[in-house]
Each structure stands twice: as C-alpha cells, then as structure tokens.
Amino acid sequence: MRFVDVIIRKRDGHALSKEEIDLFVAGVTDGRIPDYQASALLMAIVLRGMTNEETALLTDAMVRSGERVDLSDIDGVKVGKHSTGGVGDKVSLVLAPLVASCGVAVPKMSGRGLGHTGGTLDKLESIPGFRVDLSIAEFKRVLADVGTSIIGQTTKLVPADKKLYGLRDVTATISSIPLISASIMSKKLAEGGDALVLDVKCGDGAFMKDEAGARELAATMVAIGNQAGMRTEAFITGMDVPLGNAIGNALELIEAFDTLKGEGPGDLTGVVLRLAARMLMLGGAEADPEAAIARARAALTSGRALETFAHMIERQGGRAAIVTDYSLLPSAPDREHCRAPRSGFVTALGAESIGRATNLLGAGRARVGDPIDHGVGAVMLVKAGQEVREGDPLLELHHRHGAGLHAALALCGEAVTIGDAPPRPQPIVRGEVR
Amino acid sequence: MRFVDVIAKKRDGHVLSRDEIQFFVEGVTTGTMPEYQASALLMAIVLRGMNDEETGWLTDAMLRSGERVDLSDIRGIKVGKHSTGGVGDKVSIVLAPVAASCGVVVPKMSGRGLGHTGGTLDKLESIPGFRVQLSIREFKQILRDVGTCIIGQTADLAPADKKLYALRDVTGTVEAIPLLASSIMSKKLAEGSNALVLDVKTGDGAFMKDVDGARALADAMVSIGTRAGVRTEAFITDMEAPLGRAIGNSLEIIECVEVLKGKGPADVTSVVQRLASRMVVLAGVERDADAAHARVAEALTSGRALRTFTRMIERQGGDPRVVDDPSLLPLAASTETIRAPRTGIVERMRAGALGHASNALGAGRTKVGDPVDHGVGLVVLVKPGDRVDSGQPLIELHHRDGKGLDAAMALCRDALAVGDVAPPSRPKVLAEIR
C-alpha cells in the first residue's frame with residue numbers, strides 16, 4: 001500500500017479502511033510517513049470528514065500506538081471525567097474528590113493550560129509540594145487508598161496523539177470533530193477507566209463556539225467510547241461566561257475548596273452535582289438519579305468530599321491543612337478593579353477575553369513550556385443578568401506589580417457588555433448525550 | 001503573516017490575497033515554509049479551489065521565483081505551444097517547423113515522457129547526435145536563424161514549480177485545475193513568448209479523462225495567459241485513441257517526417273494544420289483563417305516545413321539524413337503482430353493502455369531518470385470504426401528481444417475491442433477556446 005493512495009482516497013471523499021488508518025497512525029508514530037504526507041491527509045480529513053466507524057478505527061489505532069494503563073486490580077467501576085476546556089473550569093478539582101468520597105474510584109489524568117483556557121495540573125500545582133508526575137504504580141496506590149488521584153498524562157500513553165497534535169497545531173488542522181474526538185478519546189481509553197463522563201463546553205470561551213458543534217462532538221465521542229466498551233456519557237455545558245467567579249490557578253483552587261465546603265458559586269455547584277450524580281450511577285453506587293444527587297450533596301455538606309481532597313493532596317506531596325488555611329497558597333500582592341462604564345444590566349462577560357486577560361497577568365501560557373504565576377487572576381464580582389450602576393466594580397484583577405495589567409484591563413473592558421435589559425437566562429447544562 | 005493563518009483561511013474557503021500567495025510561494029522556494037505546511041495548504045487548495053485571480057497570482061509568484069527568458073531581441077511575435085500530453089502525441093515536432101516555415105518564430109521548451117505519455121525530448125533524442133541541452137544563447141541563435149528550436153526546460157525557470165510539483169506528486173495534490181494550470185503557465189510565461197497555443201488533450205490517454213475537466217483546465221490557462229499579457233488560445237483535442245499510428249520514440253520521428261512530407265496520417269496532419277493556422281494568425285503573418293490554412297498546407301506540400309525541420313536537426317547536432325533514411329534511427333529489429341480475433345468493426349482503441357504497452361516494451365519511464373529505449377514501440381494499423389477481417393493485423397509491436405512483450409501484448413489486447421457496433425465518430429478537435 002502506498003501512502004499517497006491513502007491520501008488520494010480521503011481527498012476524493014472515500015471512507016478509509018482499518019488497514020489504511022493503521023498504516024497512517026503507525027507510520028506517523030515511527031516516523032516512516034513524512035510530516036508532509038501526514039499533514040496532507042489531515043487537511044483532507046478536516047475537509048472531507050470521517051464516518052463514526054473511521055473515527056473509532058483512528059482512535060483505536062492511536063490507543064495501540066502506546067501503552068495502556070491497567071486498572072483492573074483496583075476494585076470497582078473506575079469512572080473517568082474529561083472536559084474539553086473552558087475559562088474558570090475547576091469542575092474536575094471538585095468532582096474527583098466528591099465522587100471518590102461517595103465510593104466510586106476516579107482516576108484522572110489531566111493537562112496543562114494553553115491559550116485562553118486553564119489547566120487542572122497548573123491549578124493543583126498552586127499547592128506547594130504537590131506532585132502531578134507520579135509513576136503509574138504511585139498513581140494506582142493513591143487511587144486505591146484515597147479513591148482518586150489527579151496526575152499528568154505520561155508520555156508513554158498515545159504517542160501518536162502527541163505527534164499528530166504537534167502537526168495539527170501548525171497546519172490549521174485542529175478544527176475537525178473526528179480528529180478532536182480521536183485525540184481526546186484515545187487518551188481516555190488508554191487511561192484504563194471503565195466508564196467516562198464528558199463535559200463538552202460550548203460558547204465564547206470554549207473550543208466549540210456553537211451548541212450544534214458541541215453536540216456533534218459529544219455524540220461522536222460517546223459513540224467511540226461505547227464502541228470501545230467504555231460506557232460513555234456527555235454533558236454539554238455553557239461557556240459563554242466563565243464558570244464560577246474565580247479565574248487563575250490559586251484563586252480557582254480556593255473556589256474549589258469553598259465548593260467542597262458547600263459554599264461555592266451556584267453555577268459551579270450545579271454542574272458538579274449533575275456530573276457527580278451520573279458518575280455515581282455509572283460507578284454503580286446509586287441506581288436512581290434523585291438519590292445520586294442527594295448523595296453527592298450530602299458529601300459536600302458533611303465535609304467528606306473535602307476530607308477526600310485533603311487526603312489526596314497529602315498523598316501527592318502537599319499539606320492537607322491548605323484546604324482550610326488559604327494563606328498557604330501563593331497570592332498576588334496587588335488589586336485593580338474593572339468597573340461598569342454605565343448603568344444597566346450585565347449582558348455579556350466574554351469568557352475568552354477574560355481568560356486571555358488573566359493570561360496576560362501571568363496565569364496562563366502562550367506556548368508550551370512557558371512559566372506561569374499561580375497567584376494572579378481575576379474574580380468576577382457580578383454575574384450575567386445582574387443590574388449594575390456606572391462605576392460599580394465588575395471584576396477584581398489580582399496582579400503582580402502591574403505586570404500585564406494595562407492590556408488585561410482593556411480585554412476585560414471588551415469582555416463586558418452592559419445593556420438596557422437583562423439577557424435571557426440560559427441553563428448551564430444545555431444537554432446530555434447518553 | 002503566519003503560514004498557519006494562510007492555511008486556515010484557504011481551509012475555510014476564503015480567497016487568498018496576492019500577498020498571501022506570494023508569501024506561500026516564496027516560503028516554498030526559500031524553504032522558510034516547511035513542507036508539512038505547504039502540503040496542508042495544497043490539499044486545502046485542491047478541495048476548496050482557487051478563483052481565476054488567485055490562480056493568476058499563484059502563476060505570477062511562481063514565474064517570479066526564477067528567471068525569465070528574454071526573447072525581445074528576436075524580431076517578430078514569438079508563439080509558443082504546449083500540449084498537456086498524450087499517447088502518440090508528436091504534434092510539437094511537426095508543428096514547430098511547419099509554423100516556423102510560415103514565418104512564425106516558435107521557441108519551444110519541452111519535457112520528457114513520464115507514465116504512459118511520451119515526451120518530445122525523448123523522441124528528438126532518437127535522432128543520433130541531437131542535443132536538447134542548449135544554452136539560452138545557443139537556443140536564441142538557432143531561433144533567429146531557423147525560426148524554431150526545441151530544447152529542454154532549464155532549471156532556472158520557475159524553481160517554485162519544481163519544488164511544488166515534487167511535493168504534490170507524493171501528497172495526492174496533483175489533480176487540481178488551479179495547481180495544474182499555474183504549474184504549466186508559470187513555465188510557459190517564463191519561456192518568454194508573446195503568444196501561446198495550448199493543446200489540451202482529453203480522453204483515455206490524457207490526464208483529463210473528460211471534456212468538462214479539459215475545458216476547465218483550458219479556460220483557467222487561457223485566463224492566466226491573457227491576464228499576464230500573453231495572448232493565449234486553447235484547443236481541446238481527443239486522446240481517447242492514440243494520435244496517428246506510431247507510439248514510441250523513433251517510430252514517432254519517422255511518422256513526423258511522413259507528415260512533413262504530406263504523407264502522414266490524416267488525424268495528425270489535421271491537428272497540426274489547425275494549430276499551425278492559429279499560430280500563423282497569432283503571429284500576425286496572416287489575418288484570415290482561410291489564408292492561414294492555405295499557407296500552412298502549402299508549407300507541407302512544398303517541402304518548406306521539412307527543410308526547416310532538417311535545418312533545426314542539423315543546428316542542434318543531429319544527423320539531418322534521418323529525414324530521408326529512417327534506417328539511421330535506432331529501431332528494434334524484432335516485431336510481433338496482434339491480429340483481429342474476429343471479423344467486425346474496431347469499437348475501441350484505448351490510448352491509455354497502448355501507452356502503457358509501449359512503456360512495457362521500454363519506450364517510456366515509470367520514474368524520473370529511468371533510461372528509455374528509443375527503438376521500441378507500437379504501430380497501430382487501424383482506427384476506431386475501421387472494418388476488419390478475422391486475423392487481420394491490428395497492431396505491430398517493435399520489441400527488443402521479447403523484453404516486456406507478454407505484458408505489452410496483454411495490454412494491447414485489453415485496449416482493443418472488435419465488435420459489431422461502429423463507435424460514434426468523434427472529431428479530433430473537440431473545441432477551441434480564445
């Protein structure tokens with residue numbers, strides 16, 4: 001088989017066979033297929049698409065390009081969770097300990113922030129001493145003892161994805177539902193969970209700007225997971241405004257702790273409870289949705305979920321006391337407010353602009369490997385729909401000696417729209433795919 | 001400007017600006033644009049297309065990537081000719097001396113055969129001593145003295161096309177009208193003619209299998225030439241069956257001489273006359289189509305065209321006696337004949353398969369740089385629509401001691417069909433685009 005013929009078949013709109021997809025993924029992984037051929041095929045896939053079957057074959061070939069974590073010696077149904085990424089998205093930090101405290105094991109491999117979205121690993125690393133680079137053996141021990149562990153992805157899982165992603169990034173071939181689905185799902189399948197709950201974000205601050213696209217991505221990933229024998233469900237949640245009030249690493253961690261104490265923002269708590277309930281059901285801990293929600297809520301109010309988080313932090317090298325003593329976390333020395341330019345109703349708090357603003361303050365990175373400042377960020381003082389008066393503070397920026405402040409303030413100004421009437425309220429959970 | 005943004009723009013179906021196209025071509029030529037980005041953009045162009053303006057800019061940028069032959073010090077209107085390639089297509093070798101003998105200056109840079117189609121340079125090199133690698137100075141001197149000269153393309157013309165073509169060949173991005181048209185036209189414009197006649201072949205033995213595709217390619221090339229100030233016209237000619245009777249290098253030279261003596265096959269002669277007449281008009285030698293036709297006919301019957309050919313051979317180092325003594329040409333001694341399996345009508349005579357058969361005997365090459373055997377080939381003794389008796393010779397194969405003979409005979413049998421139904425008669429010239 002000549003690889004150029006595989007490219008031509010996809011260019012002409014045909015479905016690729018298992019052999020052709022295997023050749024592609026194996027060739028990209030071991031370097032036999034030159035980058036210029038791989039990128040031509042990627043562009044043909046972006047423009048011609050892939051059937052669900054092809055996408056599943058691609059995912060499977062990518063899983064087989066590397067190692068697969070074996071969690072079979074850990075009791076019970078292991079339920080994973082993945083978010084497509086957003087601004088202020090600290091759901092995993094709350095959800096993992098919450099679900100684990102209800103008796104369902106939650107193995108979690110997370111990523112770092114890039115572009116305007118934050119990363120779970122960066123947020124956890126706000127905790128002095130916290131280690132995200134555990135070995136698989138350590139990861140499994142923490143998982144067995146605590147019920148959850150959150151670490152970084154190892155390089156041994158899905159090496160094909162790393163190569164393909166690097167190439168897609170520079171050839172404008174990121175935006176393709178089959179390629180995004182296969183990239184995410186190959187990693188989730190390699191992580192060895194038995195079931196998976198996906199949080200597909202849609203809106204201004206998400207990768208998928210519109211709900212139809214998010215729904216298609218969710219349906220594709222759910223189909224891949226189920227076909228591979230991993231029970232998979234997805235939620236489509238709104239990301240037009242940042243989730244919760246805090247954006248920035250230590251600030252988000254504090255908000256996660258507050259939520260685990262039952263004192264978090266309503267939108268965040270709502271999403272966490274919805275996802276937790278599904279994970280409890282997939283994990284076999286509850287059969288009834290109402291009972292599952294009640295159990296998750298009880299874990300928040302009883303403090304059990306927070307206890308589990310503290311336990312996890314301790315086992316991963318941090319101090320448990322940090323969940324009550326926030327002064328142990330890094331913070332930025334300076335504050336500045338973004339204020340309402342006029343009186344009216346807050347009609348938009350553009351998540352992407354606010355995410356980029358906190359990046360400029362130092363909370364995120366423009367390129368892989370850039371250092372970040374865990375203390376800086378933003379706290380939203382108002383929610384969309386709220387009535388404000390001219391000059392009211394809308395956002396509190398936590399900055400370090402003015403670094404990036406001027407540009408961040410300008411971006412926040414762009415993010416905020418004040419109108420004469422309140423916007424139509426939108427539910428945060430837009431849909432579910434099972 | 002970033003390459004990835006240019007790729008994304010074309011991926012999303014937008015029109016690229018002149019600057020963006022220039023940036024792309026310069027990046028490819030200088031190597032600042034990595035091949036994996038170039039191939040992604042090429043695939044996006046194949047699937048999203050380019051409008052006439054973009055194609056014109058692309059051609060211009062490729063043209064400007066190298067040198068341009070300056071023929072302004074040669075008097076008169078220089079009229080170039082290009083064929084998209086076919087089987088048995090020896091038109092250029094006859095046309096150039098015919099038009100030159102009528103007073104048109106015909107500078108001609110040709111290519112070598114690849115795949116099932118032959119190449120003008122390979123055919124001319126059948127003539128002992130004939131040199132196709134002349135310097136531009138020698139080329140111009142012969143043009144002045146003889147009126148025509150046929151040489152190989154120099155490496156200095158449109159180097160961007162060379163790089164892009166190599167990449168297109170291995171990334172499934174050859175078949176796109178804007179890319180084909182700009183590739184051909186950048187080279188033709190670099191050759192420095194004032195006007196150009198294109199012979200766009202269509203049918204089984206041509207690159208463009210259907211008339212619509214050929215017309216689109218012809219339209220695109222005529223538009224590019226006209227925009228660039230070179231008066232360009234195109235003929236769409238049939239390549240379902242081979243042109244003339246001879247396929248193979250020496251065999252085709254023999255046939256060319258016959259046509260120049262007024263004794264050639266009617267189809268070759270008529271195509272040559274049609275194209276030559278237009279070249280005579282474009283050069284301003286004649287205003288009227290009938291007068292041009294009469295002048296061309298006279299050049300053939302008077303022997304003037306043959307004398308010009310003989311002079312060109314002589315000036316390019318070849319043995320001019322070949323025009324009177326074909327035995328001076330290398331010709332394989334062994335022959336084999338394919339006979340009619342039954343009495344009936346020749347329903348089909350597929351040019352593509354016959355081209356492959358001639359290649360199997362050694363007349364062509366599968367890879368650039370392969371050696372060719374100038375002495376082997378086919379002589380097709382009948383035309384589609386001819387009535388034949390069982391056992392009547394249909395094709396004569398000239399082979400070198402049986403090399404490739406079995407495969408060639410099988411291909412010839414495949415190419416032929418003798419039945420009861422006369423095929424619809426199809427004119428050789430299907431359309432003209434001015």
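Hi everyone. Let's open with one pair of residues in chain B: the side chains of D12(B) and R11(B) come together in a salt bridge, 2.9 Å from N to O. Before I go on, please keep in mind that this is a predicted model.

What about the surroundings of those two partners? D12(B) has a relative accessible area of 41%, so it is partly exposed. R11(B), on the other hand, has 12% relative accessibility and therefore counts as buried.

There is another pair in chain B to look at. R64(B) and D60(B) form a salt bridge through their side chains, at 2.8 Å from N to O. With a relative accessible area of 46%, R64(B) is partly exposed.

How many salt bridges does the structure hold over all chains? The total is 69.

The side chains of E352(A) and K209(A) meet in a salt bridge, with 3.3 Å from N to O. This pair joins distant parts of the chain, since its members are 143 residues apart: E352(A) belongs to helix α15, residues 351-361, while K209(A) sits in the loop between β4 (195-202) and α10 (211-227) of chain A. E352(A) is partly exposed, at 23% relative accessibility. K209(A) is partly exposed too, with a relative accessible area of 47%.

Chain A also has a salt-bridge network to find on your screens. Its members are R231(A), E233(A), R274(A), R278(A), E432(A) and R434(A).

Now for helices. In chain B, helix α1, residues 3-11, packs with helix α2, residues 18-30, at an angle of about 125°, and their axes are 11 Å apart. The two helices, α1(B) and α2(B), are therefore oblique to each other. The crossing of α1(B) past α2(B) is left-handed. Which residues make the contact? From α1(B) we have F3(B), V6(B) and K9(B), and from α2(B) we have E20(B), F23(B), F24(B) and G27(B).

Is E20(A) buried or exposed? It is buried, because its relative accessible area is 9%, and the cut-off for buried is under 20%. Leaving aside residues up to four places away in sequence, E20(A) touches M1(A), V6(A), R9(A) and A15(A).

Staying in chain A, here is another helix pair. Helix α9, residues 177-190, and α10(A) pack at about 40°, with a distance of 9 Å between their axes. That angle makes α9(A) oblique to α10(A). This time the crossing, α9(A) past α10(A), is right-handed. Among the residues in contact are I177(A), I180(A) and M185(A) from α9(A), and L217(A), M221(A) and I224(A) from α10(A).

On to the sheets. Strands of a sheet pair through backbone hydrogen bonds, in either a parallel or an antiparallel way.

Chain B has an open sheet of 4 strands, in the order β1-β4-β5-β13, and its pairing is mixed. The edges are β1 (79-83) and β13 (429-433) of chain B; each has a single partner strand, so one side of each has no neighbour in the sheet. On average, neighbouring strands here are turned by 15° against each other, ignoring direction. β1(B) pairs with β4(B), residues 195-202, in the parallel sense over 5 bridges. Within that pairing, G80(B) stands opposite L196(B).

Helix α10 of chain B, residues 211-227, touches β4, β5 (231-238) and β13, and its direction makes about 165° with that of β5(B). Helix α12 of chain B, residues 266-282, lies across β1, β4, β5 and β13, at about 155° to β4(B).

Finally, back to chain A, where an open sheet of 3 strands has the order β10-β8-β12, with antiparallel pairing. Its edge strands are β10 (387-388) and β12 (416-419) of chain A, each pairing on one side only. Strand β8(A), residues 344-349, runs antiparallel to β12(A), and 4 bridges join them. For example, L349(A) has V416(A) as its bridge partner in β12(A). Helix α16 of chain A, residues 405-415, packs on this sheet, where it touches β8 and β12 and makes about 35° with the direction of β12(A).

Note on methods
Residues are numbered from 1 along each chain as its sequence is written. Chains are lettered from A and ligands numbered from 1 in the order in which they are written. This is a predicted model: local features need pLDDT of at least 70, side-chain atom pairs count only at pLDDT 80 or more; totals for chains, interfaces and linings use all residues. Side-chain values use heavy atoms; hydrogens and water are left out. A salt bridge is a side-chain nitrogen of Lys or Arg within 4 Å of a carboxyl oxygen of Asp or Glu. Buried means under 20% relative accessible area, exposed over 50%, partly exposed in between (1.4 Å probe, protein chains only). Two strands pair if DSSP finds at least two bridges between them. Contact means heavy atoms within 4.5 Å. Axes are lines fitted to C-alpha atoms, for helices over the stretch in contact, and angles run from 0 to 180 degrees between N-to-C directions. Angles under 35 degrees count as roughly parallel, over 145 as roughly antiparallel, 65 to 115 as roughly perpendicular and the rest as oblique. A crossing is left-handed if the near helix is turned anticlockwise from the far one by less than a right angle, and right-handed if clockwise.
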